[in-house]
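Open the model in a viewer and keep the sequence panel in view. The stops below are given in the order in which to select them.

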Amino acid sequence: IMAGVDVCVSGGESDLLLVIRATQGNDSAPFLKAWVKENKTWIDEKLLQKGAILFRGFHVTEGSELEDILKQYEPELSDEYRGVAPRKLLPGSKYVFSASELPPYFPIPQHLEMSFLPSPPRKIFFCCLDPPTSPGGETCLCDFKKVHDQMDPKIRKEFEDKGVMHVRNYKGTKTGLLSDPTMLKGWQDVFGTTSREVVEEELRKSGAEFQWRDGDSLRIVDRGSAIEEHPVTGEKVWFNHSQVFHWSMIPSEYYRIYRRLGKLKYLVLSWVMWLLKVILFTFLGPMRVGFHACFGDGSEIPESYLEHIRDVMWKNMVFNRWELGDIVLLDNYWISHGRQPYSGNRKVVVSWSKPYLKPSRRDTT
């Protein structure tokens with residue numbers, strides 16, 4: 001069944017990625033589309049074993065080509081996005097979006113897609129349509145089973161006992177004089193409607209707490225477990241956005257990037273963002289910044305806990321350079337992703353599967 005491709009485990013830093021390479025004469029998008037359709041069961045088996053699969057060397061240059069290929073593997077893709085980073089739908093497709101519209105200098109830390117929701121996507125897919133022209137820009141990956149297993153047991157136990165509360169504040173029609181620049185999107189963009197009633201109905205169905213604020217802004221609070229069991233293997237996985245939503249995220253990520261690359265500008269950015277976030281946190285409070293995370297009982301998570309968790313993540317991160325046409329399949333209940341800062345050109349797109357109810361929620365719904 002491997003006719004037309006070479007299959008190997010990535011070398012270098014990690015064996016996390018299973019690499020499927022095109023062979024000469026078998027590198028077109030139509031060939032890959034047919035191959036994926038024929039070998040769907042095999043791909044499922046390997047994704048369950050490895051958590052991440054990279055297709056490399058195929059001529060995939062358009063979002064519509066990617067969508068056609070993905071539909072052979074995952075017929076029911078989703079266009080429902082309830083995250084915080086801005087994204088744009090690619091022309092000619094229904095389910096392929098820009099991976100992020102955040103500025104290239106902005107770091108995106110490791111996370112499982114929409115893990116703060118009751119039903120995140122089961123799988124997520126990335127494709128590189130224009131490789132980075134500068135150092136950086138990797139969509140780095142991490143094994144969140146290892147993160148769970150390697151955490152300090154005392155810290156992990158406290159998260160298990162208390163859970164996590166995720167706070168998101170979305171812009172309304174007006175913005176105050178002192179507002180958090182990380183409040184990236186308006187609720188109308190997130191929910192695809194201008195109707196409060198439609199938004200409220202969806203939030204009630206999901207069990208989220210919400211409150212309309214000054215200037216037509218919207219605050220959403222999601223409480224849930226910090227750890228989930230993998231839907232198939234039953235293994236425990238670190239499964240929340242605390243390391244992303246906590247106010248310390250941006251300066252902390254910049255400092256780690258500085259330590260990895262040794263570039264002074266990232267150390268300066270770390271200091272500047274730390275000062276900015278302290279000012280905003282002091283004047284606005286934890287519930288009014290763009291996003292924040294605390295324990296499920298409302299108590300603050302010690303910053304030292306988040307630093308420890310980030311240390312474990314960075315120890316297990318895999319930095320794989322993008323090549324034109326690369327497609328990455330990820331088990332979103334296991335393998336996290338993030339983005340390193342870059343400059344110059346880069347175009348990475350994303351698609352994801354239908355929402356999948358968390359195992360921890362199945363006993364309560």
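**Stop 1: glutamate 74**

Select glutamate 74, which is buried at a relative accessible area of 16%; buried means under 20% relative accessible area, exposed over 50% and partly exposed in between, with a 1.4 Å probe and protein chains only. The model is predicted, so local features need pLDDT of at least 70 and side-chain atom pairs count only at pLDDT 80 or more, while totals for chains, interfaces and linings use all residues. Residues are numbered from 1 along each chain as its sequence is written, and side-chain values use heavy atoms, with hydrogens and water left out.

Glutamate 74 sits in the loop between α3 (63-73) and β4 (77-78). Helices (H or I, at least four residues) and strands (E, at least two) are DSSP runs, numbered from the N terminus. Show the contacts of glutamate 74 next: apart from neighbours within four places in sequence, they are Lys123, Phe125 and Ser353. Contact here means heavy atoms within 4.5 Å.

**Stop 2: proline 121 and methionine 114**

Go to proline 121, in the loop between β6 (108-111) and β7. Proline 121 is buried, at 3% relative accessible area. Which residues does proline 121 touch, not counting residues up to four places away in sequence? They are Glu113, Met114, Asn332, Tyr333, Trp352, Ser353, Lys354 and Pro355. For a distance across the model, pick the C-alpha atoms of proline 121 and glycine 285: they are 31 Å apart in space, and the two residues are 164 apart in sequence.

Now select methionine 114, also in the loop between β6 and β7. Its phi is near 55 degrees, a positive value in a residue other than glycine. Methionine 114 is buried at 4% relative accessibility.

Look for aspartate 216 in the loop between β10 (209-212) and β11, where it is buried at 17% relative accessibility.

**Stop 3: the cysteines**

How many disulfides does a search of the whole structure find? It finds zero, a disulfide being a pair of cysteine sulfur atoms within 2.5 Å. Select cysteine 128: the closest cysteine sulfur, in cysteine 127, is 7.0 Å from its own, too far for a bond. Cysteine 128 is buried, with a relative accessible area of 0%. For cysteine 140, the closest cysteine sulfur is that of cysteine 142, 8.9 Å away, which is also too far for a bond. Cysteine 140 is buried, at 0% relative accessibility.

**Stop 4: salt bridges**

The structure holds 23 salt bridges, where a salt bridge is a side-chain nitrogen of Lys or Arg within 4 Å of a carboxyl oxygen of Asp or Glu.

Begin with arginine 56 and aspartate 326, whose closest N and O atoms are 2.6 Å apart. This pair links distant parts of the chain, 270 residues apart: arginine 56 is in strand β3 (residues 52-56), and aspartate 326 is in the loop between α11 (303-316) and β15 (327-331). Arginine 56 is buried at 9% relative accessible area, and aspartate 326 is buried at 0%.

Move on to glutamate 138 and arginine 260, in a salt bridge of 3.8 Å, N to O. Glutamate 138 lies in the loop between β7 (123-130) and β8 (141-143), arginine 260 in helix α9 (residues 249-261), 122 residues apart.

Then select arginine 168 and aspartate 222, which form a salt bridge at 2.7 Å, N to O. The pair joins strand β9 (residues 164-170), which holds arginine 168, to strand β11 (residues 218-224), which holds aspartate 222, 54 residues apart. Arginine 168 is buried at 3% relative accessible area, and aspartate 222 is buried at 3% relative accessibility.

**Stop 5: helix α11**

Color helix α11 by burial: its buried residues are Tyr305, Leu306, Ile309, Arg310, Val312, Met313, Trp314 and Asn316.
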